[in-house]
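I opened this model to look up its aromatic rings, its core and its helices. My entries follow in the order I made them.

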Amino acid sequence: MLEEWLLLAHVIGATVLFGTGAGIAFFMVMAHRTRDPHLIAHVASTVVIADTLFTATAAILQPVTGYLLARSIGWELSEGWIALSLLLYVVTGLFWLPVVWIQIRLRDLARAAAAAGKALPPDYFSLYRIWFACGFPAFFAVIGILWLMLIKPAITLF
């Protein structure tokens, strides 16, 4: 029974991570395309809140539920597909952490431009390009993790 609850919590966490990440990316890109500082500031503010409430919470709970689930089932964390999933999770985090800071900066730059009645500054566009580029490796790492978790391929790493 505990195993079933852990599995449910783990799947919900994975769904929240993937869904929130994809949703945040979509709304940020759509807002950016308008070049409207007011709209971008509003959307980026919502994105920062969503990342804090949903992504950060799920990111903390995923390794906990995954560890407890593996222990409950009897899987070793050194098993190939689990170890590779953990590695991809770290890769995802390495790209996600700067993105959080960048989203806050994008929000602040858009707010300042909107308040001043000016166009977005060049710094905004430089940071946006970095934010956009960081999304691809993080997205594909999460896809890889989901694939590994579903397929559980026999992988020998050690």
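I looked up Phe140 first: it counts as exposed because its relative accessibility is 52%, the cut-offs being under 20% relative accessible area for buried, over 50% for exposed and partly exposed in between, with a 1.4 Å probe and protein chains only. Phe139 is partly exposed, at a relative accessible area of 36%.

I noted the provenance here: this is a predicted model, where local features need pLDDT of at least 70, side-chain atom pairs count only at pLDDT 80 or more, and totals for chains, interfaces and linings use all residues. Residues are numbered from 1 along each chain as its sequence is written, and side-chain values use heavy atoms, with hydrogens and water left out.

**Aromatic rings**

I searched the whole structure for aromatic pairs and got nine. Rings of Phe, Tyr and Trp (its six-membered ring) pair if their centres lie within 6.5 Å; planes under 30 degrees apart are stacked, over 60 edge-to-face, and the rest tilted. Tyr124 and Tyr128 make a stacked pair, with 6.3 Å between centres and 15° between planes. Phe139 and Phe140 make an edge-to-face pair, at 5.3 Å centre to centre and 80° between the planes.

I placed Tyr124 and Tyr128 in helix H4 (residues 122-151), four residues apart, about one turn of the helix. Helices are DSSP runs of H or I with at least four residues, strands are runs of E with at least two, and both are numbered from the N terminus. An α-helix has 3.6 residues a turn, so residues three or four places apart point the same way. Both Tyr124 and Tyr128 are buried. Ring pairs also link Tyr124, Phe125, Tyr128, Trp131, Phe132 and Phe136 into a cluster.

I checked Trp81 for a charge: the charged end of Lys152 sits over the Trp81 ring, 5.4 Å from its centre. The test is NZ of Lys or CZ of Arg within 6 Å of the ring centre and within 35 degrees of the ring normal.

**Core**

What is in the largest nonpolar core? It has 21 residues, and those with the most contacts inside it are Met28, Ile40, Leu106, Leu120, Tyr124 and Trp131. Such a core is a set of buried Ala, Val, Leu, Ile, Met, Phe, Trp, Tyr and Cys residues joined through side-chain atoms within 4.5 Å. Helix H1 (2-34), helix H2 (37-73), H3 and H4 each supply at least two of its residues.

I listed the contacts (heavy atoms within 4.5 Å) of Ile40 beyond four places in sequence; among them are Ala110, Leu120 and Tyr124.

I found Thr65 in helix H2, and it is buried because its relative accessible area is 10%. Its side chain joins that of His10 in a polar contact of 2.7 Å, that is, N or O atoms within 3.5 Å, one able to donate a hydrogen and the other to accept it, with sequence-adjacent residues counted only if both atoms are side-chain atoms.

I found Phe95 in helix H3 (residues 80-116); it is partly exposed at 29% relative accessible area. Beyond four places in sequence, Phe95 touches Cys134, Pro137 and Ala138. Cys134 is 39 residues from Phe95 in sequence, yet their C-alpha atoms are 5.6 Å apart.

**Whole chain**

I counted four helices and zero strands in the protein chain. Of its 158 residues, 35% count as buried.
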